[in-house]
Amino acid sequence: MGQFLTLSRAARLVGVVRGVLQKRIREGELPSHDGMISIADLVRAYPDFDPVDSGAFERVARIKEQAFGRRVLERMLPSSEVLAQRLFAQGQELADLRRHLRRYHGLVMGLQAHLRALHESTSLSPDDDPLLLQIMHYVDQELAEVLGSNDPPDNIAVLNDVLKIMSAHVTVRPSGREFFVEGHDTLLKAGMSAGLMLNYGCGNGNCGLCKARVVSGEVRQVQHCDYVLSEAEKQQGYTLLCAHTAVSDVVLEALEASGPADIPEQRIVAKVKSIAPISAQAADTLLLHLQTPRSNRLRFLAGQNVTLGLAGGQEDFSATYPVASCPCDDRNLLFHIHRDTQDSFAERLFARAVSSGEAVSLWGPWGDFVLRPPLNDDAGRPLLFLACDGGFAPMKSLIEHAMSIEAAESIVLYWAATLPAGHYQSNQCRAWAEALDEFSYVPLLAEDAAAAGRKAVDAVCADCAATVDTGGLAAHDVYIAGPEAFVVAATAQLTAAGMPRAQLYSTVL
Ligand code: FES
């Protein structure tokens, strides 16, 4: 029987995202068997696969990480204990295969000798016993072919074995979501980096909220934890995701947030890590980087807001902002703060009344401007993000999250600015577009927010009309963020163009 791979592992092996394989399956170019792909079919679909260039996936992942501002050096080998256990498991598998192979070889050689002896012991002529001769001839021929074969090893299968040592594959039930655990990552960290909304609290082994059941596979403790699982829980296979890593491929039964209602309100005191103008051209926008304590991180969904307030007798200075970073890094939170005389918190920051190391209180998260999960296991509808001015902040969080979970086959960001310096993170958007085939960036300029809304929708309609296989406007999900006039104008024009309201999500900033 051929070897089968999950979609995630197959995509990783040939250096493409899952959406690309899903598209090829839908179009009948790649057979799938109960959601699995055989190595033989994968080799047929990617005949030019070059193992020397098999770093394609890693290269894209690295560019993604650089684009997202994460530390590339965190991608490391697992600990020596985990490596030893994985190598041992591979060794066992190999020994098992060798044993089977020796038995089959002995069986065929025995059959060959038996047939010869039978033939020699009989006095019948070949014409009298054609069946015996035919079988003898077949066995001799097949054996000679197998023993004389010089076929090169199957590169995808070889790479798959290497990948099994470098990383473990995790499937979460009941959602069916998958992710890989690499380096020293815990199950929780790896799951969050892959964009899963796993249930957790302290992230530090104290609260027990990340409890999950290991259905199959082996996990190993890599972080200290004070929370004690009961004997009954241990018997049932429960583990703490924040303190354990996967040694082998693992199937977990775990709770995941399905929407904003599943995320509890939190109060955290974070520290200012840095505060500076977001770019040389945009002096009226600051990039505020807050870092939460290790044991008290902010759990939020991409696109949500939090309220920030100054501590130390300055509690009156507070305001609510969208988080402009991915929930996959729940410790490092980024905010785009725009100069606004009505915003006392922003005024304090622009007046340099707050500096690195100071405490900032944080409440939240709030809001339901979050990515809607696809209705089935397939990739979701292509995504269109329409932002105006500071509406880019929640979009950035949504885009990073959508890329992490490979939420859609294509993502297009239309960012309309009402000032020439309004595209304050254009470099970031261009870096995504250069690194990822599935992402496109369209910067636009308009005289005011309402005109920006109309202009963005005109660009969307023109692009949909120009692209043959997009299925038209109604085949997309559209997210809109910006000033009220922008959201109103864009929504009105999109619905007039036939966009179903149920596929439109918006937030006013
Ligand atoms: S998140 Fe608190 S124990 Fe794991």
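Visitor: Which residues does Ala402 touch, not counting residues up to four places away in sequence?
Guide: This is a predicted model, and Ala402 belongs to its largest nonpolar core, which has 108 residues. Ala402 is listed there with Leu241, Phe385 and Leu413 as the residues with the most contacts inside that core. Leaving out residues up to four places away in sequence, Ala402 touches Leu371, Leu383, Ala407, Ala408 and Ile411.

Visitor: How many residues are in the second, separate core?
Guide: The largest nonpolar core holds 108 residues. The second core is separate and includes Ala10, Ala11, Leu21 and Ile156. Its size is 11 residues.

Visitor: Why are the buried residues of helix 2 on the same side of the helix?
Guide: Helix 2 spans residues 18–26, and its buried residues are Arg18, Gly19 and Leu21. They lie on the same side of helix 2 because the arc they cover around the axis is only 160 degrees.

Visitor: Which residue just after helix 2 takes a positive phi?
Guide: Just after helix 2, a positive phi of about 80 degrees is taken by Gly28.

Visitor: How many bridges join strand 3 to strand 9?
Guide: Strand 3, residues 167–173, is mostly covered, with five of its seven residues buried. Strand 9, residues 250–253, runs parallel to strand 3, and Val172 stands opposite Leu252 in strand 9. The number of bridges joining strand 3 to strand 9 is four.

Visitor: Which residue in the turn of the hairpin of strand 3 and strand 4 has a positive phi?
Guide: Strand 3 and strand 4 (residues 178–182) run antiparallel and are joined by five bridges. Ala168 has Val181 as its bridge partner in strand 4. Four residues lie between the two strands of the hairpin, and the one in the turn with a positive phi of about 80 degrees is Gly176.

Visitor: Which strands stand at the edges of the open sheet of six strands?
Guide: The sheet has the order 13-12-15-10-11-14, with antiparallel pairing. Each edge strand has a single partner strand, so one side of each is left without a neighbour in the sheet. The edge strands are strand 13 (318–322) and strand 14 (332–338).

Visitor: What does the twist average from one strand to the next?
Guide: The sheet concerned is the open one with the order 13-12-15-10-11-14. From one strand to the next, the twist averages 35 degrees.

Visitor: How many bridges join strand 11 to strand 14?
Guide: Strand 11 (residues 285–291) is joined to strand 10 (residues 266–277) by six bridges in antiparallel pairing, and Ala276 has Leu287 as its partner in strand 11. Strand 14 is mostly covered, as five of its seven residues are buried. The bridge partner of Leu290 in strand 14 is Leu333. Strand 11 and strand 14 run antiparallel, and the number of bridges joining them is seven.

Visitor: Is Asp284 buried or partly exposed?
Guide: Asp284 is found in the loop between strand 10 and strand 11. Leaving aside neighbours within four places in sequence, Asp284 is in contact with His338 and Arg339. A residue needs 20 or more other C-beta atoms within 10 Å to count as buried. Asp284 has 17, so it is partly exposed.

Visitor: How far apart in space are Ala113 and Met136, C-alpha to C-alpha?
Guide: Ala113 lies in helix 5 (residues 80–121). It counts as exposed because it has 10 C-beta neighbours inside 10 Å. Ala113 and Met136 are 23 residues apart in sequence, and their C-alpha to C-alpha distance is 9.4 Å.

Visitor: What is the handedness of the crossing of helix 13 and helix 14?
Guide: The axes of helix 13 (residues 449–466) and helix 14 (residues 484–496) come within 7 Å and cross at roughly 35 degrees. Among the residues that meet are Ala449, Gly453 and Val457 in helix 13 and Phe486, Ala489 and Leu494 in helix 14. The crossing is right-handed.

Key
Residues are numbered from 1 along each chain as its sequence is written. This is a predicted model: local features need pLDDT of at least 70, side-chain atom pairs count only at pLDDT 80 or more; totals for chains, interfaces and linings use all residues. A residue is buried if 20 or more other C-beta atoms lie within 10 Å of its own, exposed if 12 or fewer, and partly exposed in between; C-beta atoms are placed from the backbone. The arc is that of the directions from the helix axis to the C-beta atoms. A nonpolar core is a set of buried Ala, Val, Leu, Ile, Met, Phe, Trp, Tyr and Cys residues joined through C-beta atoms within 7 Å. Two residues are in contact if their C-beta atoms, placed from the backbone, lie within 7 Å. Two strands pair if DSSP finds at least two bridges between them. Axes are lines fitted to C-alpha atoms, for helices over the stretch in contact, and angles run from 0 to 180 degrees between N-to-C directions. A crossing is left-handed if the near helix is turned anticlockwise from the far one by less than a right angle, and right-handed if clockwise.
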